[in-house]
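Please look over the structure shown here. A short report on its features follows.

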Amino acid sequence: MIASILLLIIASLLSLFFVYMAVTEKDLLKAVAYSAGQSITYSILLQAMSTPDIVMTYVAVSVGLYSALLVFVISKTERFER
Amino acid sequence: MLEALTYILIIAILGLNALVSIYGIIYGRSLVKKLISLTILSDTVLVAVIFAGFYYAYPIVPPVYQDLAGTGREFLVKHASDPLPQALVLTGIVIGLAVNALIAFGIIQAYRLAKTTDARKVVETLSGVEVTE
Amino acid sequence: MSRRILVLMLLFSATLIVSFTATIILNPATPSELKELAKYYVLNTINETASPEAVTAIVWDYRGLDTIYETLVLYLAIVGGLAIFKMSEEALLKTRIGLTLLTKTSTKIIALLITSIAAAIAFHGHLSPGGGFPGGSAVAVASMIIIPVFAAGTLIEKGISSTKLVAIRGAALTALGLVALLPVVRGLEIVTNQKFYPASILGLPISGSLSLYNLLESLAVASGFTAVALYLSIPEEAYKGGSSA
């Protein structure tokens, strides 16, 4: 009981940290890394709510495919935001 | 008490995440930064939809029966997570990825034409209209 | 930099203080019971859809028509993206240099593992957590690591072109539409499951049309995102040579 509630609290606080860092980061590659971190914290949150279908889709799409897509886009455009 | 605190805390943090990512969409300079903020916003909304079906049960299990005969019906009604938001979000995640891939292709094409991903400069280069701060 | 951390600390403390005070003053009642609608789905999923998995039952049976239209949106978004990136295949063939042999061998092993797990997720989707969408995106992850390592030109030379992938996708979607439309022949509603399709074949539980939908949907999702990854992995220099500006 206490473990699942602690998991919810820690994952949600960490997600706020990662979202803030991703939005305010000027180096776009680092922003993608923070965005992947945010996805991992959301996956922990979803797993604590016991939704394995969503976790399977979400981890593959959000940690894997979104990061790859954004890294490809950055490699084709420019890395730093002025 | 701890349960109520966790509930309110998660609502507050999901709301803050949405606000921060909307800030990123509006004030982000680069189009890629706007796209990253957009993915964060869509993820936050999807997690909020899942959280709408959340309730406290110990233990909380997935809404899946162990066999085809349907044993453990009583246990599952008291302990299963809500299947309806899960079904709605499951398609939403994959559709969101496809639409964001379309936006990413658009950003790359804009970079080829304007040689920059800065949103204001892209508009200035492609349309010739001055954009004021 | 320091201002950034300061704002973050401010956000954290404001959230914590607001939620603590709100809890102490209001002390709201938290939900401790499943909602009535969800209770209906959990109780009736085995009788009405022959699937012990409530989520897959809702996705492809109770809300089946909705999901089929969403699949159409997915198709249109990916075809639109590929139309923006249209280029000749001669230009693609120039990019043929992949990474080193060690990387290629280990990538082959990892991609095989990911693909077999994805197949398990997709084909058992009507019995255990999983289904067409998770399986398809897991296959897409495998192709996303194969394509940069082996280079797009090598794959096109081996016969994996984006035209073929879009054709596979179209075929899978057509079959999906047929599976949905077939019950109309017998005068039933569109996307009917249990009244038309058998619950099991030769003792193998297939939950009517659910396993067919899962199989076809995973094919459609995987081929669509593989086509996207194929076009994204081509370096910008290849465009300046061949294709029309």
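The peptide bond from B:Y58 to B:P59 is cis, and its omega is near -5°. Most residues other than glycine have a negative phi, and most peptide bonds are trans.

Two residues have a phi to note. A:S50 is not a glycine, yet its phi is positive, at about 65°. A:S50 belongs to the loop between α2 and α3 of chain A. It has 19 other C-beta atoms within 10 Å, so A:S50 is partly exposed. B:K115, also a residue other than glycine, has a positive phi near 60°. The loop between α4 (83-114) and α5 (119-127) of chain B holds B:K115. Is B:K115 buried or exposed? B:K115 is exposed, because 12 other C-beta atoms lie within 10 Å.

## Confidence

The model has an ipTM of 0.93 and a pTM of 0.92. Chain C has an average pLDDT of 86, and 93% of its residues score at least 70. Which element of chain C has the lowest mean pLDDT? That is helix α11 (residues 237-241), at 64, while α6(C) has the highest, at 93. Where pLDDT is low, the predicted coordinates should not be read in detail.

## The build of chain C

Chain C has 11 helices and 2 strands. Read from the N terminus, the order is α-α-α-α-α-α-α-α-α-β-β-α-α.

A compact globule of 245 residues would have a radius of gyration near 18 Å. Chain C has 24 Å. Its C-alpha atoms fill a box of roughly 70 × 65 × 35 Å along the principal axes. Of the 245 residues, 42% count as buried. Take the contacts in chain C with a separation of 6 or more: 75% of them join residues 24 or more positions apart.

Start with α9 (residues 162-181) of chain C. This helix has 20 residues, and at 1.5 Å a residue they should span 28 Å. The end C-alpha atoms are 28 Å apart, so the two values agree. Buried residues of α9(C) include C:S162, C:L165, C:R169, C:A172 and C:L173. C:L176, C:V179 and C:A180 are buried too. An α-helix has 3.6 residues a turn, so residues three or four places apart point the same way. The buried residues of α9(C) pack against α4 and α10 of chain C. The face turned away from the buried side carries the exposed residues C:T163, C:A167, C:T174, C:L178 and C:L181.

Now take α10(C). Its 23 residues should span 33 Å at 1.5 Å a residue, and its end C-alpha atoms are 33 Å apart, which agrees. How many of the 23 residues are buried? The count is 23 of 23, so α10(C) is largely enclosed by the rest of the structure.

## A buried glycine

C:G131 lies in the loop between α6 (101-123) and α7 of chain C. It has 30 C-beta neighbours inside 10 Å, so C:G131 counts as buried.

What does C:G131 contact, leaving aside its neighbours within four places in sequence? The partners are A:D53, C:T56, C:V59, C:A122, C:G125 and C:N214. C:G131 and C:N214 are 83 residues apart along the chain, but their C-alpha atoms are separated by 5.5 Å.

## Where the chains meet

First, chains B and C. The contact takes 46 residues from chain C and 38 residues from chain B. Several elements of chain C give two or more residues to this side, among them α1 (2-26), α2 (36-49), α7 (132-150) and α10 (210-232). α4(C) gives the most, with 9 residues. By class, the side of chain C that touches chain B has 29 nonpolar, 11 polar and 6 charged residues.

Next, chains A and B. Here the contact takes 42 residues from chain A and 42 residues from chain B. On the chain A side, α1 (2-24), α2 (28-48) and α3 (52-76) each supply at least two residues. α3(A) gives the most, with 14 residues. The side of chain A that touches chain B has 27 nonpolar, 10 polar and 5 charged residues.

Definitions and conventions. Residues numbered from 1 in each chain as written. Chains lettered and ligands numbered in written order. Predicted model: local features only at pLDDT ≥ 70, side-chain atom pairs only at ≥ 80, totals over all residues. Contact = placed C-beta atoms within 7 Å. Helix = DSSP H or I, 4+ residues; strand = E, 2+ residues; numbered from the N terminus. Nonpolar A, V, L, I, M, F, W, Y, C, P; charged D, E, K, R; others polar. Expected span 1.5 Å × (residues − 1). Buried ≥ 20, exposed ≤ 12 C-beta atoms within 10 Å, placed from the backbone. Rg over C-alpha atoms; globule rule 2.2 N^0.38 Å. pLDDT = per-residue confidence, 0-100.
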